[in-house]
Amino acid sequence: MAVEERNRKSVPVAYLWYFLGSITGSHHFYLGRDFQAFLYLSTFGGYGIGLLADLFRLGRYVRDANEDDEEMHLYKLSKKQKKPRWGLERAFYQVATGTLYSAVLSGCIPAEWSYAHIASIIVSPIAVSLGVWIAGNYGRQQVDFTYPMRGAILTYAMMWFLSEEPSSFWLAFGATISAQHNREFRNFGAAQRRQRGFCRRCLVLAFGTLLLTGGWVGFGLVHGEIESESGQKVPLHAAIRNFFASPAWLEIEQAVKELWQELTKDGWSGFFYKLRDLADVDGEDKALRVLGLPATATESEIKSRYRKLAKQYHPDRNRQNESEAAEKFMEISAAYETLIKLKSSRSSFGKHGASTFDGEAGRRSPKEHFHDDL
């Protein structure tokens, strides 16, 4: 019996979701085919084969979701058989997905870990079974998870007995063969979608996506590499560990602690002012770093330091590296000008309140100071 008009799915909308997010399986989620949606999401659109096939099958998927009379008649005829018809396409998805899941999740285990072999024995059959089970449960077919699990464990034991290294492919192959003995018909349609509920479906898919993302992130951390300045390949997990021990991260950590202390001590006003200071909105901290001066430096110390660095990096004295020297000289000049302006404005504020100081020292450029000093 066809579903109610308000619950019917539309072919144009299904194709719209296909073109907007086909690789994520959004069109299958729209049609209530959640297993197939996650399969596409985790296999880059069914390895590309599924995306091409869906261009021609999407209309039939919509009719099936709407439980049109013709589709229901064919479904009832097929149910006269004891089991759903075995298909090479589904078997391919089961083997390929089981192999992929096993490779990714097993790849999250560091080889140098002392329990890596034991973890691999546990993770590989479970990952393979999960992939075979998901690929065996889309559409109007379903498979019990225990059957691919039995096949994966049995295949692992046989390969171990034969002194062969258990491979993800053969585990997936054995799990797929075992799953064929448990193929069953599954009710699928608008009534089942309403029973699951849209929010529940979204939460389950989001949880699966989170696990999938975690698997890929773990695989990248174990097998990824970063090239250092010297050209040496550094493992990604070691690079991240070194980053969290670096001075840059320690400064960030200290700044966060200070912000938290200000928030708990003085409330949001103290937090805002501390955040403003850390953001260096006036450029004072950067200027002090460029000149190599402490925050307590006086105006005379700033001028003395500026004269010294300006002479050292003046382009006329660095003909061999004139461009680099000119860039450094401009940076020093800008830093000096920033600090002098800040000192002048603060001195003026101390004498005249909030009035703005605009004396001769604030208007003269660093180059004029430098040439006068020479």
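Tutor: We begin with the helix: helices (H or I, at least four residues) are DSSP runs, numbered from the N terminus. The model is predicted, so local features need pLDDT of at least 70 and side-chain atom pairs pLDDT 80 or more, while totals for linings use all residues. Residues are numbered from 1 along each chain, and side-chain values use heavy atoms, without hydrogens and water.

Student: What makes a residue part of the lining of the largest pocket, and which element gives the largest share?

Tutor: A pocket is an open set of points on a 1 Å grid where a 1.4 Å probe fits, with protein on both sides within 12 Å along at least five of seven lines; a lining residue has an atom within 4 Å of a point. The largest pocket has 27 such residues, with Arg60, Arg85, Arg90, Arg140 and Gln141 nearest its centre. Helix 4 gives the largest share, six residues.

Student: Which residues lie closest to the centre of the second largest pocket, and which classes make up its lining?

Tutor: Phe38, Trp133, Ile134, Val204 and Gly208 are the closest of its 29 lining residues. Ala, Val, Leu, Ile, Met, Phe, Trp, Tyr, Cys and Pro count as nonpolar, Asp, Glu, Lys and Arg as charged, and the others as polar. The lining of the second largest pocket thus has 17 nonpolar, six polar and six charged residues.

Methods
Helices (H or I, at least four residues) and strands (E, at least two) are DSSP runs, numbered from the N terminus.
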